[in-house]
Amino acid sequence: MNIFENHNIKNSLQIKASCRFYVEITNKNDFNELYVFIRNKQLPVFILGDGTNIIPPEYYDGIIVKPLFNNINYLNETNIVSVGASINWHYLVKEMVSKNIYGFENLSLIPGTVGAAPIQNIGAYGQEVCNLINKVDCFNYETGKFLSLTKEECNFSYRDSSLKKGNLIIFSIDFKTDSINRLNLDYKSIQTYLDANKINLDSLNLNSVSDIICKIRNSILPDPSEVPNAGSFFKNPIIDKNKINTEHFSLDKLIIWDIDSKYVKVGAARLIELIKKDLIEDKNINIYDKHALVLTTNSKISQDSILDYANQIKSKVLEVFNISLEIEPTIISN
Ligand SMILES: Cc1cc2nc3c(=O)[nH]c(=O)nc-3n(C[C@H](O)[C@H](O)[C@H](O)COP(=O)(O)OP(=O)(O)OC[C@H]3O[C@@H](n4cnc5c(N)ncnc54)[C@H](O)[C@@H]3O)c2cc1C
């Protein structure tokens, strides 16, 4: 276990942020020492992956825990691959594609680590990571106990899981390598891409689908290593369709996916596009022109300034549509 004081907190929004303690955990034996350290310090604790979905404060008067587990082990007899929390997610996708293992390809190019993937049940292009998970191995830093959670115990739903609230450090995840055996091309933007480029379905394989997903993503999302951002800043809200205010815009101006006879999922990007002309500008924050759910920064921002801007968007969307938006990245608070 390595302990650093006054260490910076890496984050893709490029907020200048630091913490009182930064603790690297490199193997399972470190956890007992970490447990004692946390008990002695009596400070708040936050687990950090690659920092692509967080909004940190300027100074976190607490302990940042950084798991460093870099293993990938194939347990062929059980069709399981066991993957360390700090492996880069897209690296794992490429590894699975190269081994002809289905199910990961639609999640190509999602930034961040394997350990963070189940926290908000990462998803894209008609796939969610919960469909690939067998179990999640964690350490509870409040109780000092190790636990393995099954997929069911993680209570996965849209951009959510019970892992968000559990004082848990995920250090390894078991993925099933035989759960899916066909390409999933149903998502509308995949279909549009295939049609526009006259691609024959028979010519597709895991590798080409992964490439297509990367191309679609690169055409609409900023690369966080070049343009600071945290991906989608808001979740797509799931609401009662009858409660949407249609006084200013009719329903056909919105993007709506039916969930059941009462509830719908509404595309938050479209809501923001429709109200963005009424927002007070912030010279350091922009709504990305190719995808209104993404807020980009020039790195001269603070947690407060980006949250003020996000709250302005939330208020306007509530006023105009009677829809409450929820911020997607994790806000680190002291
Ligand atoms: C350009 C861009 C595009 C994106 N596109 C998508 C997308 O298509 N779909 C999608 O779902 N997300 C997307 N995201 C969000 C982001 O990629 C995911 O949330 C990713 O899982 C974050 O990984 P991370 O390692 O950076 O986690 P961090 O940002 O470091 O942490 C995120 C959360 O996970 C927790 N956490 C991290 N590691 C662990 C661990 N080992 N144990 C316990 N808790 C942990 C943190 O405490 C925090 O609550 C995008 C982000 C960007 C910047």
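A residue is called buried here when its relative accessible area is under 20%, exposed when it is over 50%, and partly exposed in between, using a 1.4 Å probe and protein chains only.

The structure is a predicted model, in which local features need pLDDT of at least 70, side-chain atom pairs count only at pLDDT 80 or more, and totals for chains, interfaces and linings use all residues. Residues are numbered from 1 along each chain as its sequence is written, and side-chain values use heavy atoms, leaving out hydrogens and water.

**Aromatic pairs**

Rings of Phe, Tyr and Trp (its six-membered ring) pair if their centres lie within 6.5 Å; planes under 30 degrees apart count as stacked, over 60 as edge-to-face and the rest as tilted. The structure holds 15 such pairs, and here are two of them.

| Pair | Centre to centre | Angle between planes | Class |
|---|---|---|---|
| F69 and F171 | 5.7 Å | 40 degrees | tilted |
| F104 and F175 | 5.6 Å | 65 degrees | edge-to-face |

F69 sits in the loop between β5 and β6, while F171 belongs to strand β12 (residues 168-176), 102 residues apart. F69 is buried at 8% relative accessible area, and F171 is buried at 8%. In the other pair, F104 lies in the loop between α2 and β8 and F175 in β12, so parts 71 residues apart in sequence are tied together. F104 has 0% relative accessibility and counts as buried. One aromatic cluster brings together F31, F69, F139, F146 and F171.

**Helix α1**

Helices (H or I, at least four residues) and strands (E, at least two) are DSSP runs, numbered from the N terminus. D30, F31, L34, Y35, F37 and I38 of α1 are buried. These residues cover an arc of only 165 degrees around the axis, which puts them on the same side of α1; the arc is that of the directions from the helix axis to the C-beta atoms. The face turned away from that buried side carries the exposed R39 and N40. Just after α1, Q42 takes a positive phi of about 55 degrees.

Two strands pair if DSSP finds at least two bridges between them. An open sheet of 3 strands runs in the order β13-β18-β17, with antiparallel pairing. Its edge strands are β13 (229-232) and β17 (285-287). β17 is joined to β18 (residues 294-297) by 3 bridges, and I287 stands opposite L295 in β18.
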